Amino acid sequence: IHGLFRLWVSALLEQRILFVTSKAGNVAATYLTICAETLLLLLEPMKWQGIYVPFVPTSMAVLVEAPTPYIMGITETGFRNAELDDGIVEVNVDNGSICLPSNL
């Protein structure tokens, strides 16, 4: 519950939120989309105004380097290929861990 609250607050503060899974293919797309959609539902009645891409293919991993607020999902392979800075809220959907940036 504590982690979910932190994730909700991160979304309210318009942070960059990245869901990560070790799954592959359609299973990964399904897991990541469900997690991203659930976060959007938790924001009701407000609406997310940032970038929303629930599943980023590995070939487009560069998208997660965007400096604007976003909610995105990516596989671990794509995550390792991206050059990320410290300002990203990283959510591992496989084990439920949430890694917050130092500014939160």
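Modeller: Leu-63 has a relative accessibility of 34% and therefore counts as partly exposed; the model is a predicted one. This residue sits in the loop that runs between strand E2 (51-56) and strand E3 (70-75). Together with Met-60 and Val-62, Leu-63 forms a nonpolar patch on the surface, and the three residues have about 250 Å² of accessible area together.

Asn-26, Ile-34 and Leu-41 are exposed on the face of H2 turned away from its buried side. The buried residues of this helix are Ala-28, Ala-29, Leu-32, Ala-36, Leu-39 and Leu-40. Viewed down the axis of H2, these buried residues fall within an arc of 100°, and so they line one face of the helix. H2 has 18 residues and spans 26 Å from its first C-alpha to its last, close to the 26 Å expected at 1.5 Å a residue.

Charged contacts come next. The whole structure contains 4 salt bridges. One of them joins the side chains of Asp-85 and Arg-16, at 2.7 Å from N to O. Asp-85 lies in the loop between helix H3 (76-81) and strand E4 (88-92), and Arg-16 in strand E1 (residues 16-21), so this pair ties together parts that are 69 residues apart in sequence. Arg-16 is buried, at 11% relative accessibility.

Arg-80 is exposed, with a relative accessible area of 59%, whereas Glu-76 counts as partly exposed at 28%. The side chains of Glu-44 and Lys-47 also form a salt bridge, at 3.5 Å from N to O. Here Glu-44 is partly exposed, with a relative accessible area of 41%, and Lys-47 is exposed, with 57%.

Aromatic contacts complete the account. The count of aromatic pairs comes to 1. The ring centres of Phe-5 and Trp-8 are 5.9 Å apart and their planes stand at 40°, so the pair is tilted. Phe-5 and Trp-8 are 3 residues apart in helix H1 (residues 2-12), a separation of about one helical turn. Both are partly exposed, Phe-5 with a relative accessible area of 48% and Trp-8 with one of 29%.

Note on methods
Residues are numbered from 1 along each chain as its sequence is written. This is a predicted model: local features need pLDDT of at least 70, side-chain atom pairs count only at pLDDT 80 or more; totals for chains, interfaces and linings use all residues. Side-chain values use heavy atoms; hydrogens and water are left out. Rings of Phe, Tyr and Trp (its six-membered ring) pair if their centres lie within 6.5 Å; planes under 30 degrees apart count as stacked, over 60 as edge-to-face and the rest as tilted. Helices (H or I, at least four residues) and strands (E, at least two) are DSSP runs, numbered from the N terminus. Buried means under 20% relative accessible area, exposed over 50%, partly exposed in between (1.4 Å probe, protein chains only). Patches are made of residues with over 30% relative accessible area and no salt bridge: like charges are joined within 9 Å, nonpolar side chains (Val, Leu, Ile, Met, Phe, Trp, Tyr) within 5 Å. Accessible areas come from the Shrake-Rupley method with a 1.4 Å probe; for residues, only the protein chains shown count as cover. The expected span of a helix is 1.5 Å times one less than its number of residues. The arc is that of the directions from the helix axis to the C-beta atoms.
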